[in-house]
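Dear colleague,

Please find below the structure that I am handing over to you. My notes on it follow directly after.

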Amino acid sequence: MVARSPFLDLPGAVDLSDAGVPSHYGKPLAEQRALAEAGAIVDLSDRAVLTIQGPDRLSWLNSLTSQSLAGLRPGESSETLLLDVTGRVEHAVRLVDDGETLWMLVDRPEAAGLLAWLDSMRFMLRVELADRSSDLATIGTLGDPPLPIAAPNDVPLIWHDPWHAVTPGGHQYAQGEHPGAAWSWSERLVPRDALPSLVTRVRAGELPVAGTLAADALRIAAWRPRFSTEVDERTIPHELDWLRTAVHLSKGCYRGQETVAKVHNLGHPPRRLVMLHLDGSEGVHPERGAAVSLDGNEVGAVTSVALHYELGPIALAVVKRSTSPDATLTVDADGTAVAAAQEIVVPPEAGAEAHVPRLPRLGAVTRTPRQ
């Protein structure tokens, strides 16, 4: 078990989700501004840090997951998905390599299952797995604050979120200007025993601090999916526009690759991610899992929700592909129907990128008679 975070001893700290880290410090909206504009830090020490060591680490994980990793350079960041045989998302992993060790940042509930599955797939390869969560803690930020970043092999362990652009081999379904272009999120690994000194610097006014609610609100506004919120047992990457950064479409075979290719080239994802602008006039806000409806028929569910310091109440939701992109939806908020305007992330026409021409029906081909 990871020890209770010392950030919870700061004035006003509240842990709303029993995650062991502060959700906010009493001023969630002001904390969003501090995170967006002043380089505030977010305590993410409840998250897990796993490692793969050995000369086969990159080629091995490359063969198992959706992203091209064989050429990952020291200090370079990436993310990848572990899919099941039908292409559904089982794990999402944030990656940085230091030349000797591949560091994997994951949400805590994923860690044990991911580590066990990877261990079962080692066979005779030269790889060693470990959970380093008791040694290293994760700190999130949108800035570049001075932190005691771990660098065991002389490479600072900083994961820079690639969401700001489409990565090589990826594909973006979202159209027009993308709010993720301004998303400069990073996650920095610090020695866990350095957390009390960071708290001391926060108390002294040297470091601004924000809670996880602030980070989530800005993530939602950037249309950024997260495994622990947007993914359910049916999710395929296309539905969340995750081909943008977590999938390489031409890297070769891996588990679930056939579904990824078929849906992208020939079909359409059955559901699609939207951002919702919620009517706040009723003074109530939906929770994650709240039903999204159109004309009285349920068409999806809220996956993340927040009160944004500029946009007001917003949410991410996954809805049926057939849901009209122009329709005003309603979201259930404890029995109150809240109107919700869509901001399209994944359009209904997403997929079918190959534009393979239809073959003519047998007997429909006109043949020129021989002379």
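Which side chain does the side chain of T235 join in a polar contact of 3.5 Å? The partner is the side chain of R271. A polar contact is here a pair of N or O atoms within 3.5 Å; within protein, one atom must be able to donate a hydrogen and the other to accept it, and residues adjacent in sequence count only if both atoms are side-chain atoms.

Please note that this is a predicted model, in which local features need pLDDT of at least 70 and side-chain atom pairs count only at pLDDT 80 or more, while totals for chains, interfaces and linings use all residues. Residues are numbered from 1 along each chain as its sequence is written, and side-chain values use heavy atoms, with hydrogens and water left out.

T235 is placed in the loop between α6 (227–230) and α7 (257–265); helices are DSSP runs of H or I of at least four residues, strands are runs of E of at least two, and both are numbered from the N terminus. The side chain of T235 also reaches the backbone nitrogen of D232, at 2.9 Å. With a relative accessibility of 1%, T235 counts as buried (buried means under 20% relative accessible area, exposed over 50%, partly exposed in between, with a 1.4 Å probe and protein chains only). Neighbours within four places in sequence aside, T235 is in contact (heavy atoms within 4.5 Å) with G87, R88, V89, E230, L240 and R271.

The axes of α1 (residues 28–37) and α5 (residues 212–221) come within 8 Å and cross at roughly 65°, which makes α1 roughly perpendicular to α5 (65 to 115 degrees; under 35 counts as roughly parallel, over 145 as roughly antiparallel and the rest as oblique). Axes are lines fitted to C-alpha atoms, for helices over the stretch in contact, and angles run from 0 to 180 degrees between N-to-C directions. Of the 10 residues of α5, 8 are buried, so α5 is largely enclosed by the rest of the structure.

Finally, some backbone angles. Most residues other than glycine have a negative phi. D241, in the loop between α6 and α7, has a positive phi near 60° and is buried, at 0% relative accessible area. D334 has a positive phi of about 55° but counts as exposed, at 78% relative accessibility.

With kind regards
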